[in-house]
Amino acid sequence: MKFNSIQFLVFFPLVAIAFFSIPHRWRWMLLLGASYLFYASWNPKYIIVLLTMTAIGYLSGLLLEKEMHPTTRRFILTLSLLASLGILFFFKYFELSSYVLHAIFGQLGIAHLIPGFNLLLPLGISYFTFQTLSYVLDVYRGVIKAEHHAGIYALFIGFFPHLTAGPIARANQLLPQFHTVQAPDYEMIVSGLQRMAWGFFKKLVIADRLALMVSTVYDDPTAYTGAALILATYAFAFQVYCDFSGYADIAIGAARVIGFKLQENFQQPYYAQSIPDFWRRWHITLYNWLRDYIFYPLSRMLRRSGLNSDNLLVMMLPPMLTMLASGLWHGTNWLFIIWGALHGIFMVSSVLWNRRINSLRLPFSLPPLVENGIRIFATFNLVCFAWIFFRAHSLSDAMYIIQHLFVNLEINVSLFDLMPVGWYDWLIALLAILLLEIVHWQQRENSSLREVIRRHPVWLRWSLYYGLVIAIFMFGKFEAGEFIYARF
Amino acid sequence: MPGFNTMLKFFIKALAFLIGTSLIFNALGSLADHVAPLENWRVEYQQRVEKLEARRDQIEAITLGNSHADSIDYSVLGLEGQSLALAAADLFEIEKTVLSMDDELPKLKTAFITLSYYSFSRDNAKFESLRSRRVGFYSLILVWSPIRGDLSNFLMGKLDAYTHIMSVVRSDGWKGVWLGLLPSASPINPFPYDGVHTTSVWGDCFHYTAEQLESHAREIAGRNVSSSMQMAAIHPGLEQDAFDALARTIERLQSRGIRIVLFTPTYYEKYNEYFMEQGSYMIDDMKQLTDKLQQTYQVEYYNFSDDPEITTQPELFYNSDHLSECGHRVFSAKLLEAMESGSIIGK
């Protein structure tokens with residue numbers, strides 16, 4: 001069941017009404033049942049994967065809490081991590097490894113007997129695996145206590161709003177909420193619905209509209225040059241942002257309607273002034289996860305080995321490996337690994353550049369607005385450059401696009417034909433992005449747009465709500481469907 | 001009870017909002033359909049139902065099926081008949097159409113059901129380009145249960161019946177409506193016909209030329225075969241399910257004492273050629289399943305698909321898989337003759 005499906009339009013209100021209509025002690029059962037139904041509607045067989053991962057996390061947590069001996073605890077932790085990562089590896093990386101091994105053994109002339117399974121990637125596996133890992137690691141470190149209620153723990157892993165594409169929840173943030181009695185809160189319900197509507201606008205009006213143009217170019221890049229390639233790459237930057245942040249808006253909004261607060265996953269990433277800043281604003285929950293469980297431990301380990309923070313290895317290795325892990329998290333495709341590596345290089349360069357700039361006494365200084373503008377522009381373009389690898393179908397496609405970005409930059413009417421309804425689609429896309437930026441600007445000025453709207457009279461508020469809903473239906477593209485990040 | 005009051009407050013406001021949305025959608029949908037309609041099959045079907053209602057005491061025959069079913073000219077058959085054919089209808093939709101006809105037509109004696117080559121290989125439910133048509137079908141037809149496994153389209157269709165939502169969600173993103181509302185806009189026929197109008201021994205008719213028929217046949221036969229193959233891939237066991245749907249339709253009509261006449265109209269020779277090239281197995285399956293129906297239910301089946309007197313005459317074809325009005329008359333005369341003689345042609 002996708003968020004942008006009629007089934008969800010029926011499923012969600014029914015779950016929400018039922019949730020508030022039953023006593024608190026039964027609510028976890030309802031939410032867990034609804035979440036498993038939500039997941040099973042995609043492929044019932046794969047619920048076993050979700051259940052297995054849940055069992056691994058739950059039992060590991062209990063054992064780690066009970067066991068006091070450090071060696072045994074380490075053993076339990078290792079076993080748990082191996083089991084969780086083993087499942088992820090089996091479904092997500094086995095095919096790639098098998099392919100690579102085939103190639104290597106083939107070159108060496110050795111018969112290679114690793115079988116192929118041709119498996120479907122379980123929906124949301126990267127998300128619930130990372131949630132399981134962070135839970136087990138947090139219990140091991142003593143940051144949180146193990147959850148004893150198996151149902152509540154299963155709900156923490158399988159809660160339907162975040163199950164298929166995040167935000168990746170942390171146990172200390174979400175688990176206590178499941179134990180708290182949620183009374184219907186009018187403000188929460190209304191703001192949740194508003195957030196969902198805004199997510200649908202981003203997904204259906206902007207992302208799925210731009211997707212048509214991006215697919216036209218990226219599915220056959222050699223048919224295009226210069227202007228079309230640049231335009232498609234910029235369009236993809238907005239497509240992927242609106243698609244993924246749209247999903248997060250719907251997930252956060254849906255959870256809020258029933259009284260739960262999920263972590264924010266985006267904070268206007270294209271206003272970032274550097275690549276590290278971009279990663280503090282893009283897919284925040286993944287970045288935080290990687291930071292807490294890879295970047296910091298690695299940095300600490302290097303420092304403990306006697307290297308100081310000025311050492312190049314300390315400066316370069318943790319961000320590079322963290323970003324590589326980010327690329328690998330996305331999937332088995334080499335292009336994701338290149339995408340991650342590029343971000344790693346950008347991040348390291350950014351750190352080194354800042355240190356160099358700070359050590360220089362420049363004879364001039366730019367007005368902050370200009371300087372920030374230049375930084376934002378440069379960061380945005382670096383991010384867009386990396387998106388080429390993320391979106392391209394093959395390395396040769398990506399290389400062709402890069403080589404032809406500035407070949408034939410002529411802007412003519414044929415560019416309109418990249419969209420199904422020509423200039424009109426472009427106009428709608430541009431107006432929708434303009435609206436998106438107005439909202440971003442408002443959010444920068446006032447952190448709560450809802451507060452701004454609330455200050456206006458009721459007729460204006462309702463007109464805005466009607467306008468948003470009507471715009472979604474009038475200008476939305478309802479044929480496309482899948483959320484990009486639900487693939488991971 | 002604070003929770004109850006909160007919920008009540010929310011529900012009242014939500015209800016008001018939904019009513020408002022529904023009213024706005026109805027207004028916008030009507031405007032869009034009036035200024036720049038994207039589909040004419042809905043209007044056509046509504047007109048057919050209205051005609052049926054107006055003559056319900058006289059109707060002796062009805063036609064069911066996809067657009068190929070419109071080959072029958074009741075004035076030639078000498079019957080008071082009404083077509084309830086729906087463009088691109090599949091056998092599941094035909095079954096629901098029959099179910100929706102709750103009130104018996106007192107004089108109804110015969111139901112003509114068309115069988116195209118691909119009839120047993122079609123399910124519009126999940127095929128993207130026909131999905132909106134399925135939604136429109138649910139919106140139009142008075143049935144309250146979905147075709148098996150098609151809940152989402154059913155819900156959407158019923159939502160559309162009350163909100164006009166499918167007229168608001170337009171594939172052109174409302175471009176046609178805005179352009180149509182411009183003061184300088186001239187009335188545009190959204191469905192222009194690019195054939196010719198000639199007078200021949202069969203009368204005055206719009207039809208395609210031989211060249212047009214050839215190119216149309218190549219395109220449409222290929223498209224029909226490939227879309228049917230895709231539908232079969234999406235719906236495992238499609239042939240059997242479609243067969244069962246038709247069998248249930250036949251049983252239901254026969255239980256009311258209605259004579260069932262299955263027929264395949266004539267296609268242009270090139271259409272037959274191109275279809276055979278890519279989808280001959282589909283034709284074989286169709287014949288085999290029809291045989292089974294004839295044996296089980298003793299229904300009549302008349303196959304005129306490659307009738308030599310019609311299939312080569314461009315004047316008799318509106319396009320390569322639809323007869324022209326002249327073609328309707330010629331075909332209907334032949335069908336009448338076959339029915340009267342009791343012969344089963346082209347079996």
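1. How many helices and strands are there in chain B? Chain B holds twelve helices and nine strands. Its radius of gyration is 22 Å, close to the 20 Å that the globule rule gives for 347 residues, so chain B is as compact as a globular protein of that length. Along the principal axes, the C-alpha atoms fill a box of roughly 75 × 55 × 45 Å.

2. A word on confidence. This is a predicted model. The predictor gives the complex an ipTM of 0.78 and a pTM of 0.83. For chain B the average pLDDT is 90, and 95% of the residues score at least 70.

3. Next, the inside of chain B. Of its 347 residues, 42% count as buried. Take the contacts between residues at least 6 apart in sequence: 75% of them join residues at least 24 apart.

4. Now the interface between the chains. Here 20 residues of chain B are in contact with 23 residues of chain A. On the chain B side, helix H1 (2-35), helix H6 (151-163) and helix H7 (165-168) each supply at least two residues. H1(B) gives the most, with nine residues. By class, the chain B side divides into ten nonpolar, six polar and four charged residues.

5. An α-helix has 3.6 residues a turn, so residues three or four places apart point the same way. Just after H6(B) comes His164(B), with a positive phi of about 65 degrees.

6. Chain A is divided into domain 1 (6-183) and domain 2 (188-266 + 377-483). Their C-alpha centres lie 29 Å apart. The contact between these domains takes twelve residues from domain 1 and 14 residues from domain 2. On the domain 1 side, helix H1 (6-21), helix H7 (160-163) and helix H8 (171-179) of chain A each supply at least two residues. H1(A) gives the most to that side, with three residues. The domain 1 side has seven nonpolar, five polar and no charged residues.

7. The bond from Gly166(A) to Pro167(A) is cis, with omega near 0 degrees. Pro167(A) sits in the loop between H7 and H8 of chain A.

8. Two glutamines, one in each chain, also call for a look. Gln268(A) is not a glycine, yet it has a positive phi of about 45 degrees. Its place is in the loop between helix H10 (226-257) and helix H11 (275-281) of chain A. Gln268(A) has 17 other C-beta atoms within 10 Å, so it is partly exposed. In chain B, Gln298(B) has a positive phi of about 55 degrees, although it is not a glycine. Gln298(B) lies in the loop between helix H11 (269-297) and strand S7 (300-303) of chain B. With 10 C-beta neighbours inside 10 Å, Gln298(B) counts as exposed.

9. Is His69(A) buried or exposed? His69(A) counts as exposed, because it has 9 C-beta neighbours inside 10 Å. It is found in the loop between helix H3 (47-66) and helix H4 (70-108) of chain A. From the C-alpha atom of His69(A) to that of Met474(A) the separation is 63 Å. Along the chain, these two residues are 405 residues apart.

Terms used. Residues numbered from 1 in each chain as written. Chains lettered and ligands numbered in written order. Predicted model: local features only at pLDDT ≥ 70, side-chain atom pairs only at ≥ 80, totals over all residues. Contact = placed C-beta atoms within 7 Å. Helix = DSSP H or I, 4+ residues; strand = E, 2+ residues; numbered from the N terminus. Nonpolar A, V, L, I, M, F, W, Y, C, P; charged D, E, K, R; others polar. Rg over C-alpha atoms; globule rule 2.2 N^0.38 Å. Buried ≥ 20, exposed ≤ 12 C-beta atoms within 10 Å, placed from the backbone. Domains from an automatic or database assignment. pLDDT = per-residue confidence, 0-100.
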